[in-house]
Amino acid sequence: MEKMMAEFLRMKDYVDLSLAEYIPNREPLLNVLVESINYTLYSGGKRVRPIFSLIVGEMFGVPMERMKSLACSVEMIHTASLIMDDLPHMDDAAVRRGKTANHLLYGQDVASLASIALLTRAYEVVLADPDLPADKKVLVVEKLANTVGLDGLVGGQFVDLKFANETINKTVVEYIYIHKTASLFVASGTTAAIIGNAEDVQIRALETYAENLGSAFQIFDDLLNTEGNEQEMGKSLHANEKNYVTLHGVAESKKAAQEHVEKAIKAISIFEGKNAKLIALCKMLMKRKS
Ligand code: GRG
């Protein structure tokens with residue numbers, strides 16, 4: 001496991017370094033906006049989604065350098081969503097990753113623009129990748145856009161904001177988890193597989209893995225909201241928020257998260273001999289404290 005952790009750390013460092021390349025500041029008038037973008041981009045994210053993309057790339061023999069634009073793209077989308085999520089008219093959070101939320105330092109106007117700039121840059125970097133064939137770019141960007149939009153993060157966030165505190169039931173909770181959280185995991189894995197020329201059956205296996213990993217990840221997040229502490233989590237906790245844990249209780253939620261992990265691991269059994277990192281990623285995420 002220690003060797004695996006070192007590998008994940010190497011991937012994380014690669015993403016950290018590469019992200020900077022994609023956000024150059026060539027215009028002094030934009031200094032504050034770029035500062036705001038970099039503030040959240042470098043505020044201590046675990047880089048789970050790009051690590052997942054890099055692992056999948058490796059499984060299909062694609063070197064890390066060729067996965068760079070995609071890995072950075074999914075992290076930019078994730079960061080854009082966090083900045084927006086913390087805004088007062090959304091989740092209204094004051095703390096993210098143990099630090100003051102972006103809008104409280106830079107203002108809601110700048111934070112909103114930082115979020116949109118990051119989101120747009122996420123598509124730009126894939127489209128501008130000189131090593132990615134045009135047909136792959138189309139498929140990757142289509143999948144990423146689909147993941148963010150009405151049928152993805154945006155839809156999940158909308159249902160979370162508008163329904164979660166009223167008609168909370170299993171269907172609503174599952175809709176939120178799949179769209180708000182799992183969808184970006186799915187996109188991170190399947191787009192990497194597309195770049196790696198994966199077969200349809202392999203893409204479907206990764207989809208099932210990611211959907212279950214994402215759902216387990218979100219249930220675990222809710223468990224940490226209930227049982228964790230704000231300092232370790234590094235964000236504003238909402239223990240009373242309606243979610244899987246407040247709906248089903250702690251014991252049932254732990255069981256459900258475990259079942260999702262088992263389903264995720266089962267789904268990638270078709271990659272026997274090459275799936276050790278994906279299994280380790282699953283197990284590692286379920287042990288996290290933040
Ligand atoms: C602008 C892209 C965009 C989307 C608009 C605001 C919104 C719609 C969606 C919010 C989605 C959201 C915040 C989902 C939460 C997902 C989640 C579990 C985040 C925590 O992920 P970690 O633990 O975070 O990977 P770190 O801090 O490690 O990066």
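Q: At what angle do helix α10 and helix α14 pack, and are they roughly parallel or roughly antiparallel?
A: In this predicted model, helix α10 (residues 200-227) and helix α14 (residues 276-285) have axes 10 Å apart. The angle of their packing is about 15°. Angles under 35 degrees count as roughly parallel, so α10 and α14 are roughly parallel.

Q: Into which classes do the residues of the contact of α10 with α14 divide?
A: From α10 the contact takes L206, Y209, L213, F217 and F220. From α14 it takes L278, L281, C282 and L285. The contact holds no polar and no charged residues; the count is nine nonpolar.

Q: Is the crossing of α3 and α9 left-handed or right-handed?
A: Helix α3 (residues 48-59) and helix α9 (residues 170-195) cross at roughly 25°, and their axes come within 8 Å. That angle makes α3 roughly parallel to α9. The crossing of this pair is right-handed.

Q: How many residues of the contact of α3 with α9 are charged?
A: On the α3 side are V48, R49, F52, S53, V56 and G57. They meet L184, F185, S188, G189, A192 and A193 in α9. These residues divide into seven nonpolar and four polar, and the charged ones number one.

Q: How far is a polar side-chain atom of K46 from an oxygen atom of the ligand?
A: Among the 19 residues around the ligand, those that come nearest are K46, R49, H78, R97 and F217. For R49, a polar side-chain atom lies 2.8 Å from a ligand oxygen atom. For H78, a side-chain N or O atom is 2.7 Å from a ligand oxygen atom. For K46, the distance from a polar side-chain atom to a ligand oxygen atom is 2.6 Å.

Key:
Residues are numbered from 1 along each chain as its sequence is written. This is a predicted model: local features need pLDDT of at least 70, side-chain atom pairs count only at pLDDT 80 or more; totals for chains, interfaces and linings use all residues. Side-chain values use heavy atoms; hydrogens and water are left out. Axes are lines fitted to C-alpha atoms, for helices over the stretch in contact, and angles run from 0 to 180 degrees between N-to-C directions. Helices (H or I, at least four residues) and strands (E, at least two) are DSSP runs, numbered from the N terminus. Angles under 35 degrees count as roughly parallel, over 145 as roughly antiparallel, 65 to 115 as roughly perpendicular and the rest as oblique. Contact means heavy atoms within 4.5 Å. Ala, Val, Leu, Ile, Met, Phe, Trp, Tyr, Cys and Pro count as nonpolar, Asp, Glu, Lys and Arg as charged, and the others, Gly among them, as polar. A residue is near a molecule or strand if one of its heavy atoms lies within 4 Å of it. A polar contact is a pair of N or O atoms within 3.5 Å; within protein, one must be able to donate a hydrogen and the other to accept it, and residues adjacent in sequence count only if both atoms are side-chain atoms. A crossing is left-handed if the near helix is turned anticlockwise from the far one by less than a right angle, and right-handed if clockwise.
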